[in-house]
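Welcome! Take a moment to look over the sequence and the fold, and then we will walk through them together.

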Amino acid sequence: MTITLYELSGADRNLRFAPHCWKSKLALHHKQVNFKTEPVWFTEKEKFAVSEQPLLPVVTDSDKVISDSWEIAQYLEDTYPQNPSLFANDEAKVQAESFHQWVSTVLSKHIPGIIILDLFNIIADQDKEYFRTTREARLGTSLEEFAATPEKHIQGLQTELQYARELLASQRYFGGEIPDYRDICLLGTFLWIASSGTTDFLEKDDIIYAWYKRVLNDYREVIPAAIVA
Ligand SMILES: N[C@@H](CCC(=O)N[C@@H](CS)C(=O)NCC(=O)O)C(=O)O
């Protein structure tokens, strides 16, 4: 049976940018299971109505339907235990859940201010009104106003990344000697930035930059060549 990953796409159906969708794609690749992907625009929620909720990623596997990137990671680990592990042991899983929370809430809050207009430019024309209305309601200001001070958000991101730098000071990956779901969480979030068009958000002498290059190479089979280069 084929596993299908439903993920957000830009106007160009091949352009996938959403961070939580990236996490699930990287997790599927890490688990070495066969899967296909189904691109979805923001205004095509009927494509994954089977999940009975409005957000992506969604994974279908035979008669199973799983939504939410963290639920998907756990499902893959529990269902395919013989395949490469996303969490080496129970302790690694607890740490991955906390790292996932940190990436999704603390770190990620700085990113829309850096890329939101890039995102607006790459999404489908039919999505633009939905995107503007929902995001402006959430931000409490216009996209243009919110994007006016990218340096402030880049600075915020750099400051938060200090926690990740400390973790990487003594190991090659957040997972230790090999990548695990913690590496996937941060890589998925960096791919959100890179897929939207902004590539230079790290200094080349930053320990995070060396890690980013390493994981881009490790997961290169599912990442566009232009980003890996
Ligand atoms: N906690 C969820 C968050 C899912 C989420 O926010 N998905 C975004 C894309 S990354 C989405 O589907 N947005 C569609 C919309 O805003 O209508 C997860 O980790 O999967």
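## Domains

Which domains does the domain assignment of the protein chain give? It gives domain 1 (3-79) and domain 2 (90-228), with bounds taken from an automatic or database domain assignment. Before going further, note that this is a predicted model, in which local features need pLDDT of at least 70, side-chain atom pairs count only at pLDDT 80 or more, and totals for chains, interfaces and linings use all residues. Residues are numbered from 1 along each chain as its sequence is written.

The C-alpha centres of domain 1 and domain 2 lie 18 Å apart. Their contact takes 19 residues from domain 1 and 25 residues from domain 2, where contact means C-beta atoms, placed from the backbone, within 7 Å. On the domain 1 side, α1 gives the largest share, 8 residues; helices are DSSP runs (H or I, at least four residues), strands likewise (E, at least two), numbered from the N terminus.

## The nonpolar core

The largest nonpolar core has 49 residues, and Ala27, Leu56, Leu187 and Ile193 have the most contacts inside it. Such a core is a set of buried Ala, Val, Leu, Ile, Met, Phe, Trp, Tyr and Cys residues joined through C-beta atoms within 7 Å; buried means that 20 or more other C-beta atoms, placed from the backbone, lie within 10 Å of a residue's own. With 10 residues, α9 gives the most to this core. Domain 1 and domain 2 both give residues to this core, so it lies between them.

## Around the ligand

The ligand is surrounded by 14 residues, the closest being Ala18, His20, Leu55, Leu56 and Ser69 (C-beta atom, placed from the backbone, within 6 Å). Here α1 (19-30) and α2 (69-79) each give two or more residues.

How values were computed
Buried ≥ 20, exposed ≤ 12 C-beta atoms within 10 Å, placed from the backbone. Contact = placed C-beta atoms within 7 Å.
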